[in-house]
Amino acid sequence: MMRPQIPVRVAESDETLAFIRQMGIEHVSLMLKAEELSSDCIERQQERLAGFGLTVSDAACNELQKNRSIHLNLPDRDYQIERFQHMLEVLGQRKIAFTSIAWQPHDILRTGHKSGEKTRGGISSYCEQDEIMGRPDVEGIKYGE
């Protein structure tokens, strides 16, 4: 069953949370900072969100889900994996069964934002491949086809 959701952060205002619920959304993806990865912090957020009729369906920490050290086998990889495992343990304690990981060791490749034919008038990100290919190699890694 599909259920629409929207990402929220701990710092969201009451007005934003009320607006999310007014749109008919009942489930949210809780986006956490590393310092917010505690059972107490997440429990407080679950209770706060429940007050707006919102349920946490999944949670993630951008710093860990897009961790370059893990993705690129950098020297602190094992430490970063331990941090990711800690996040999983905390989410498990709060009965949050899903998280995210993204293979984007160099962030999302974008070259700009504009509206266009396929965006129905809205502004969207885009990527000019020639510009991306002209960027310097990161971490000394050369990617080919």
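Tutor: Begin with burial. Buried means under 20% relative accessible area, exposed over 50%, and partly exposed in between (1.4 Å probe, protein chains only). Helices (H or I, at least four residues) and strands (E, at least two) are DSSP runs, numbered from the N terminus. This is a predicted model: local features need pLDDT of at least 70, side-chain atom pairs count only at pLDDT 80 or more, and totals for chains, interfaces and linings use all residues. Residues are numbered from 1 along each chain as its sequence is written, and side-chain values use heavy atoms, with hydrogens and water left out.

Student: Which residues of α5 are buried?

Tutor: Q80, R83, F84, M87, V90 and L91. They sit on the same side of α5, because they cover an arc of only 120° around the axis. That arc is taken from the directions from the helix axis to the C-beta atoms.

Student: Which exposed residues are on the face turned away from the buried side of α5?

Tutor: Y79 and E89.

Student: What covers the buried residues of α5?

Tutor: Contact means heavy atoms within 4.5 Å. The cover includes β2 (27-32), α2 (39-50), β3 (55-61), α3 (62-65) and α4 (68-71).

Student: Now the cysteines. How many disulfides are there?

Tutor: A disulfide is a covalent bond between the sulfur atoms of two cysteines. Here the rule is a pair of cysteine sulfur atoms within 2.5 Å. The count is zero.
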